[in-house]
Amino acid sequence: MKIKVKILGVLKKPEGKSIFQLELPDGAKLTDIYERLNYTKLEASFVVPAVNGKVKKPSHTLSENDEVLLSMTVGGG
Amino acid sequence: MEKLTKSDLDRYDRQIIIEEIGRQGQEKLKNARVTIVGAGGLGSSVSMYLVAAGIGEITIIDGDSVSLSNLNRQILHGESAIGKSKVESAIRRLKDINSDIIIKGICDKVTDDNVLALMADSMAIIDCLDNFLTRFILNRAALKLEIPLFFGACYGFEGRVSVIIPGKTPCLECLLKSIPPPEKVPVLGATPGVIGAIQATEVIKYFIGIKPTLAGKLLLYDGKNNMYETIEISRDPDCRACGTSHGRRNE
Ligand SMILES: [Zn+2]
């Protein structure tokens with residue numbers, strides 16, 4: 001299935017691209033995207049993932065044409 | 001309920017003529033009491049706008065002193081304040097902006113032990129902190145006191161804003177499960193300027209009776225690419241702070 005991915009800000013991007021499509025097997029989870037993006041366990045733990053505009057848990061199962069937005073937890077002031 | 005004075009009508013004229021505010025809205029602001037935690041980058045922007053807007057009573061809390069490396073973003077403070085407490089410096093600047101309101105300063109760190117006493121009299125908490133541990137302390141205090149928490153955070157060109165209304169929206173810990181380790185956070189001065197101004201706008205909307213647009217949502221701001229995204233947060237039934245299974249609150 002095709003998944004649209006958008007990465008905001010300083011979070012690691014494949015080849016610097018912030019918007020791209022991924023082909024993932026049916027039943028793939030958000031964590032499968034992290035794996036494709038080569039996020040370490042530590043990096044992945046600070047990602048705030050949203051699917052179709054709603055924050056989801058990393059274990060969330062994706063569906064065809066989902067739009068995933070990834071951003072980093074930030075805490076400065 | 002304190003009424004508007006003649007001088008108030010003059011001072012706040014440009015915002016009283018905003019249809020959604022009017023004299024009634026301005027009076028609501030005059031009767032509001034808020035606590036701003038942090039007199040750094042976010043605290044600079046939030047406090048100056050809320051003081052100028054005529055929030056009746058503002059308490060600002062910070063335990064640090066001003067240093068040279070603060071000045072790129074903490075526009076409340078100037079070179080003459082280096083070495084002085086941030087609260088003292090903030091009060092001097094804020095009283096110069098508006099001497100008609102009550103401005104209090106507390107030079108202290110917020111802890112688990114003092115948080116409830118510090119916030120007890122407040123109608124809203126504005127998070128202008130630079131670390132998550134204290135943010136979670138504020139989050140739990142807001143839940144306990146049932147007052148809203150206005151969350152703001154920055155990193156480089158990026159910022160986040162959310163409004164937590166206990167009993168109505170998810171809390172900060174529903175959203176943030178693991179937090180990055182403490183580090184020297186890069187911050188462009190204008191970023192907390194933008195983020196703090198958005199927090200201040202949400203605070204004003206809350207008090208004049210317009211639902212804060214970011215209640216239950218997280219605004220993601222990326223100044224480098226001029227991107228603004230808003231995503232919805234859901235309540236986590238297993239949340240350590242507000243989850244029903246932890247007996248804190250119910251829907
Ligand atoms: Zn929660």
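**Figure 1. Surroundings of Ile125(B) in the predicted model.** Leaving aside neighbours within four places in sequence, Ile125(B) is in contact with Thr35(B), Val37(B), Met119(B), Leu138(B), Ala142(B), Ile147(B), Pro148(B), Leu149(B) and Phe150(B). The structure shown here and in the other views is a predicted model. Ile125(B) belongs to strand 4 of chain B, which covers residues 124–127. Ile125(B) counts as buried because its relative accessibility is 0%, and the cut-off for a buried residue is under 20%. Val194(B) lies 69 residues away along the chain, and its C-alpha atom is separated from that of Ile125(B) by 19 Å.

**Figure 2. The largest nonpolar core and Leu138(B).** The largest nonpolar core has 61 residues. Those with the most contacts inside this core include Ile33(A), Tyr39(A), Leu62(A) and Leu70(A) from chain A, together with Val110(B), Met119(B) and Leu138(B) from chain B. Helix 7 of chain B (residues 132–145) gives the most to the core, contributing seven residues. Beyond four places in sequence, Leu138(B) touches Val37(B), Val110(B), Val115(B), Met119(B), Ile125(B), Asp127(B), Leu129(B) and Leu149(B). Another core, of 44 residues, lies apart from the largest one, and among its members are Tyr12(B), Ile103(B), Cys128(B) and Val187(B). In soluble globular proteins, nonpolar side chains tend to be buried together.

**Figure 3. Asp66(A), a buried residue without a salt bridge.** Asp66(A) is found in the loop that runs between strand 4 (54–55) and strand 5 (67–72) of chain A. Although Asp66(A) is buried, it has no salt bridge, and Lys56(A), the nearest side chain of opposite charge, is 8.8 Å away. The side chain of Asp66(A) does reach the backbone nitrogen of Ser63(A), at 2.7 Å. Not counting residues up to four places away in sequence, Asp66(A) touches Lys2(A), Ile3(A), Lys4(A), Val51(A) and Asn52(A).

**Figure 4. Lys86(B), a buried lysine in helix 5 of chain B****.** Helix 5 of chain B spans residues 86–97 and includes Lys86(B). Lys86(B) is buried and has no salt bridge; the nearest side chain of opposite charge belongs to Asp64(B), 4.4 Å away. A salt bridge would require a separation within 4 Å. Beyond four places in sequence, the residues touched by Lys86(B) are Ala39(B), Gly40(B), Asp62(B), Asp64(B), Ser65(B), Val66(B), Asn70(B), Gln74(B) and His77(B).

**Figure 5. Helix 3 of chain B and its covering elements.** Within helix 3 (residues 22–30) of chain B, the residues Gly22(B), Gly25(B), Gln26(B), Glu27(B), Leu29(B) and Lys30(B) are buried. Among the elements that cover these buried residues are helix 1 (6–11), helix 2 (13–16), helix 4 (41–53) and helix 9 (190–208) of chain B.

Figure 6. Most residues other than glycine have a negative phi. Asn52(A), which is not a glycine, has a positive phi of about 50°. Asn52(A) lies in the loop between strand 3 (47–51) and strand 4 of chain A, and is partly exposed because its relative accessible area is 46%. Asn226(B) likewise has a positive phi of about 50° without being a glycine. Asn226(B) occupies the loop between strand 7 (217–222) and strand 8 (227–232) of chain B, and counts as exposed because its relative accessibility is 55%.

**Figure 7. Confidence in the model.** The model scores ipTM 0.96 and pTM 0.96. Chain B has a mean pLDDT of 95, with 97% of its residues at 70 or more. Over residues 247–251 of chain B, however, pLDDT stays under 50. Where pLDDT is low, the predicted coordinates should not be read in detail.

Methods:
Residues numbered from 1 in each chain as written. Chains lettered and ligands numbered in written order. Predicted model: local features only at pLDDT ≥ 70, side-chain atom pairs only at ≥ 80, totals over all residues. Heavy atoms only, no water. Core = buried A, V, L, I, M, F, W, Y, C linked by side-chain atoms within 4.5 Å. Buried < 20%, exposed > 50% of the residue type's maximum accessible area, 1.4 Å probe, protein only. Helix = DSSP H or I, 4+ residues; strand = E, 2+ residues; numbered from the N terminus. Contact = heavy atoms within 4.5 Å. Lys, Arg positive; Asp, Glu negative; His and termini not counted. Polar contact = N/O pair within 3.5 Å; in protein donor to acceptor, adjacent residues only side chain to side chain. pLDDT = per-residue confidence, 0-100.
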